[in-house]
Amino acid sequence: MPLTVPVKTVVLISLILLAGAVAMIFRPGEGTQVFADETTVIRVAGSTTVLPIVSRAAERFQSRHPSVKITVNTGGSGVGIHGAGTRRFDIGLASREISPKEKHRYASSDLRTTVIGRDAVACVVSSEVFHAGVQALSKQQIRDIYLGKITHWQQVGGPDRPIIVIDKEVHRGTRHVFMQYLFGKSNARAPGARLVTGSNNEEQAKIAQSNSAIGMLSVAWINDEVVGIGIRDGERVIHPTLDNVRNGRFPIVRNLNLITVGEPQGAVKQFIDYLLSEEGQQQVADSGYIPVQSPHAVSRVAGSHSK
Amino acid sequence: MNMKPMFPERGPAFWLTGLAATVSAGTIGLLFVSLVVESVPVFKAEGVSFLWGTDWFAGESYGALPMIYGSLMVTGLALVMVLPFALGSAILTSEFLSGRARLIVKAAMELLAGVPGILYGLMGIALLAVWVRDLFGLIDGNTLFTAGVLLAVMILPTVMTLAEDALRAVPGETRDTALSLGLTRIETVMQVVVPQALPGLAGAVFLGLGRAMGETIAVMLVIGGIDRIPQPWFDLFAPGQNIPSKIGREAAEALGFDVQWSALIALGLVLFLMVMTLTTAGNFLIGKAR
């Protein structure tokens with residue numbers, strides 16, 4: 001019968017597909033995945049601030065260790081810590097410290113932090129605002145802008161335009177550190193905000209596109225269109241330069257962290273060691289951040305919850 | 001030759017196809033049940049006021065109204081803007097174009113309907129947001145209005161091609177009769193064909209709106225992302241937030257934990273119900289038209 005053959009074929013194909021689906025569902029999912037016997041996959045995700053370092057380093061590392069494959073994804077510090085805690089990632093990237101709440105939530109996971117670099121968060125404005133005269137603001141002024149008390153650039157000596165205040169998603173590391181500095185509270189509210197952005201790219205793009213925006217951005221992401229302004233303290237103005245970050249004068253400084261469950265092991269340890277090696281630290285510097293020789297070299301960082 | 005029945009007994013083919021059908025139907029049921037179950041914690045914590053609370057701050061309070069408002073507003077705006085263009089071009093294609101030209105237009109529209117949302121999102125953030133800002137003299141172009149326009153553009157092909165199908169479904173004799181009675185082409189279309197196709201046209205619009213309401217990434221890039229109802233509430237040139245964009249921004253961080261996760265799931269449930277209503281209404285109306 002002509003119909004019996006296609007039915008058999010269909011049944012066979014369906015069975016194969018089904019078997020494939022079942023195999024997908026029950027594939028080994030915990031910890032570092034081993035596909036062929038030789039390829040080790042390191043899953044990395046989180047902060048878009050730490051990302052440039054890691055993707056740069058991953059490229060070099062992979063070319064030297066062909067048996068290791070490193071996947072790098074974004075999401076923000078909250079996602080990095082959360083993903084490491086739930087073991088979805090082998091390394092979580094975080095541009096802030098693990099909060100007490102997160103520590104509590106993942107108490108059973110024994111999260112460990114490795115510092116690979118330092119960074120500063122600058123208050124940034126659209127270049128048009130900078131060139132119109134706003135080259136520094138006091139902490140109080142920035143605070144009032146984010147609270148919605150100052151809404152016009154003229155109130156702080158700028159152009160005749162309203163201020164577009166750009167906030168970040170609440171779980172973003174940059175926001176934690178910035179709000180900790182401004183309000184002493186990492187999850188402070190910003191009722192003056194007009195837009196909320198996510199990644200550094202998104203924030204950078206929206207500020208660049210506007211001619212009257214203010215935002216918060218890692219110094220490594222500052223460019224000609226998105227300018228870091230100084231923080232005025234009385235007569236003194238501290239600009240977000242690498243020198244000021246290095247010598248500790250610029251106030252909003254943070255660690256760039258890798259989060260792992262327990263002490264790093266195997267290929268993960270190899271990769272982290274590479275990041276801490278001279279070559280890896282060079283890539284930290286190339287990405288626009290400040291290298292650390294050892295985790296203990298960092299003394300004072302924003303948003304640190306350790307006593 | 002002896003004709004055997006295709007399924008002489010309930011053999012492997014029956015069970016496999018049966019399994020496939022059960023999985024398909026079960027998925028939607030399971031999705032709904034898990035949405036309901038996982039949203040319980042937020043309703044316990046916030047009560048029904050979750051639905052009309054206006055303040056959402058992860059870890060502190062969860063009020064869904066700004067997102068529900070945003071979803072309704074951008075979808076409504078998309079509706080208003082897509083209607084004249086979609087119906088106009090559907091009427092042109094169905095009633096005034098030759099068979100060949102019609103096929104080309106249809107093919108192009110169906111191709112357009114499949115363009116991924118992210119591409120519209122990129123166009124939205126790079127071009128549309130800037131145009132809206134400059135055209136209306138706004139301080140910033142990331143607004144509910146921008147999102148509505150973008151959605152209208154996105155659903156135009158879908159609505160247009162479905163509406164065209166509805167118009168084509170009106171039998172040719174109807175037109176011939178109307179014309180032979182002395183009506184002009186325009187009168188025939190507006191007074192005879194369109195009224196007959198009305199349920200199908202409405203269905204096309206509903207299906208399009210269903211897509212608009214669930215669209216995530218394109219909206220996320222241009223809506224402003226702020227969980228706030230504008231003052232006054234009809235100010236569409238203010239930034240806002242819709243449900244998919246909110247979930248998209250917070251889900252990865254909240255994954256599986258706390259009231260925040262439950263609140264996002266509950267938002268998803270609200271969206272699910274709204275989209276289901278639109279889609280069911282659309283399918284019902286289109287079915288009725290046939």
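In this predicted model, chain B and chain A bury about 3100 Å² between them, and 59% of that area lies on carbon and sulfur atoms. The contact draws 38 residues from chain B and 37 residues from chain A. Within the area that chain B buries against chain A, Ile139(B), Arg249(B) and Glu253(B) supply 21%, more than any other three residues.

On chain B, helix H1 (12–46), helix H4 (117–136), helix H8 (217–222) and helix H9 (243–254) each supply at least two residues of the side that touches chain A. Sorted by class, the residues on that side of chain B divide into 22 nonpolar, seven polar and nine charged.

One salt bridge deserves a look of its own: the side chains of Asp55(B) and Arg189(A) meet with a distance of 2.8 Å from N to O. Over all chains, the structure holds 24 salt bridges. Asp55(B) sits in the loop between H1 and helix H2 (65–96) of chain B, while Arg189(A) sits in the loop between helix H7 (173–183) and strand E8 (195–197) of chain A, and the pair therefore joins two chains.

Turning to the fold of chain B, its secondary structure comes to ten helices and zero strands, and reading along the sequence gives the pattern α-α-α-α-α-α-α-α-α-α. The C-alpha trace of chain B spans about 70 × 65 × 30 Å along its principal axes.

In chain A, a helix pair can be followed in detail. The axes of helix H10 (residues 266–276) of chain A and helix H11 (residues 278–286) of chain A come within 4 Å and cross at roughly 65°, so H10(A) and H11(A) are roughly perpendicular to each other. From H10(A), the contact is made by Tyr274(A), Leu275(A) and Leu276(A), and from H11(A) by Glu278(A), Glu279(A), Gly280(A), Gln281(A) and Gln283(A). By class, this contact of H10(A) with H11(A) has three nonpolar, three polar and two charged residues.

Finally, two points of backbone geometry call for a careful check. Most residues other than glycine have a negative phi, and most peptide bonds are trans. Against that background, Arg87(A), although not a glycine, has a positive phi of about 65°, and its place is in the loop between helix H3 (77–85) and strand E4 (91–94) of chain A. In chain B, a cis peptide bond joins Gln231(B) and Pro232(B), with omega about -10°, and Pro232(B) is found in the loop between H8 and H9 of chain B.

Notes: Residues numbered from 1 in each chain as written. Chains lettered and ligands numbered in written order. Predicted model: local features only at pLDDT ≥ 70, side-chain atom pairs only at ≥ 80, totals over all residues. Heavy atoms only, no water. Axes fitted to C-alpha atoms, helices over the stretch in contact; angles between N-to-C directions. Parallel < 35°, antiparallel > 145°, perpendicular 65-115°, else oblique. Contact = heavy atoms within 4.5 Å. Nonpolar A, V, L, I, M, F, W, Y, C, P; charged D, E, K, R; others polar. Buried area = accessible area lost by both parts, 1.4 Å probe. Salt bridge = Lys/Arg side-chain N within 4 Å of Asp/Glu carboxyl O.
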